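Let us read a fold together, one feature at a time. Here is the model to work from.

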Amino acid sequence: SPKMQRIMSVLPEFSKSDATILVLGESGTGKELFAGAIHVQSSRAANRYVILDCSTLSSSLLESELFGHVKGAFTDATHDKQGIFGVANHGTLFLDELSNLNLEIQSKLLRVMESREYKPVGDSRTLKTDVRIIAATNRDLSVLVAEGSFREDLFYRLNVFPIRIPPLRERKEDIPRLAYHFLRLFCKETGKKIEGFS
């Protein structure tokens, strides 16, 4: 569809840049696929592409997951753990459903984006990271900023290259192409030969 062709036409430009990208769209529109395509075409393609779904972890676990922790930082911290900013160093970090971050984590994320530095939980050391961030959300961040649940400075830091992925109802002409793509995929997986759809 023309809408998707326009999005695909900017993919090389987004891939060449190291700027932060904000991918907007409803659940199921393919935000993660788009982020992965940017990484694969970027200069960081040989390095890690790490995905973190911000909606699946509690705030305390999320901080440890992002920044890591040292042994003894909290009750269950029996050993040092490298955070995602360390694991994804020189690669790409895809933060899915970013709107679920609380204000404290947002503040720490902003610091990493501004200084490229972070502290593991319970550590006095400051570590460096070189990570390209691609963030995604299915919510309107400007509304969350107005409500006071999302930091305005973080919103502007993330909103460098915003891109909206339209839902299928806005590009119905893509449905047959997608249907046949999945038909071929499942025929290969199941060993069946189904030609098409009635």
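**Reading the sheet, the cores and the contacts**

A: Five parallel-paired strands make an open sheet, ordered β2-β5-β8-β1-β9. Strands pair if DSSP finds at least two bridges between them. Elements are DSSP runs numbered from the N terminus: helices are H or I of at least four residues, strands are E of at least two. From one strand to the next, the twist averages 20°.

Q: What ground rules apply to this model, and how is its confidence read?

A: It is a predicted model: local features need pLDDT of at least 70, side-chain atom pairs count only at pLDDT 80 or more, and totals for chains, interfaces and linings use all residues. Residues are numbered from 1 along each chain as its sequence is written, and side-chain values use heavy atoms, with hydrogens and water left out. The term pLDDT is the predictor's confidence in each residue, from 0 to 100. The protein chain averages 90, and 98% of the residues score at least 70. Confidence is lowest in strand β3 (residues 68–69), at a mean of 77. Strand β8 (residues 132–137) is highest, at 96.

Q: Which strands does β5 pair with, and over how many bridges?

A: Five bridges join β5 to β2, and the two run parallel. Here D53 stands opposite D96 of β5. On β8, β5 pairs in the parallel sense over four bridges. There L93 stands opposite I133.

Q: Is β5 buried or exposed?

A: Start with the cut-offs: buried means under 20% relative accessible area, exposed over 50%, partly exposed in between (1.4 Å probe, protein chains only). Five of the five residues of β5 are buried, so this strand is largely enclosed by the rest of the structure. T92, F94 and D96 point one way, L93 and L95 the other.

Q: How does β1 join the sheet to β9?

A: Strand β1 (residues 21–24) pairs with β9 in the parallel sense, over four bridges. V23 has I163 of β9 as its bridge partner. Helix α1 (residues 2–16) packs on the sheet and touches β1, β8 and β9. Contact means heavy atoms within 4.5 Å. The direction of α1 makes about 155° with that of β9. Axes are lines fitted to C-alpha atoms, for helices over the stretch in contact, and angles run from 0 to 180 degrees between N-to-C directions.

Q: Which strands does helix α2 lie across?

A: Helix α2 (residues 31–40) lies across β1, β2, β5 (92–96), β8 and β9. It runs at about 170° to β5.

Q: What makes up the largest nonpolar core?

A: In soluble globular proteins, nonpolar side chains tend to be buried together. A nonpolar core is a set of buried Ala, Val, Leu, Ile, Met, Phe, Trp, Tyr and Cys residues joined through side-chain atoms within 4.5 Å. The largest one here has 30 residues. L66, F85, L93, L95, L98, L109 and F150 have the most contacts inside it. Helix α5 (103–115) gives the most, with five residues. L66 touches L52, G83, I84, F85, L95 and I105, not counting residues up to four places away in sequence. Apart from this core lies another, of 14 residues, among them F14, A35, I38 and F94.

Q: Which residues of α3 are buried, and what do they pack against?

A: In α3, L62, E63, S64, L66 and F67 are buried. The buried residues of α3 pack against β2, β3, α4, β5, α5 and β6 (117–118). G68 follows α3, and its phi is positive, near 80°.

Q: How many aromatic pairs are there?

A: Rings of Phe, Tyr and Trp (its six-membered ring) pair if their centres lie within 6.5 Å; planes under 30 degrees apart count as stacked, over 60 as edge-to-face and the rest as tilted. A search of the whole structure finds seven pairs. Y180 and F197 are edge-to-face, 5.1 Å centre to centre with 80° between the planes. Y180 lies in helix α8 (residues 175–190) and F197 in the segment after α8, so the pair ties together parts 17 residues apart in sequence. Y180 is partly exposed at 34% relative accessibility, and F197 is partly exposed at 47%. F67, F85 and Y118 form one aromatic cluster.

Q: Is R132 buried or exposed?

A: R132, in strand β8, is buried, with a relative accessible area of 2%. Its contacts include F14, D18, I38, R44 and T92.
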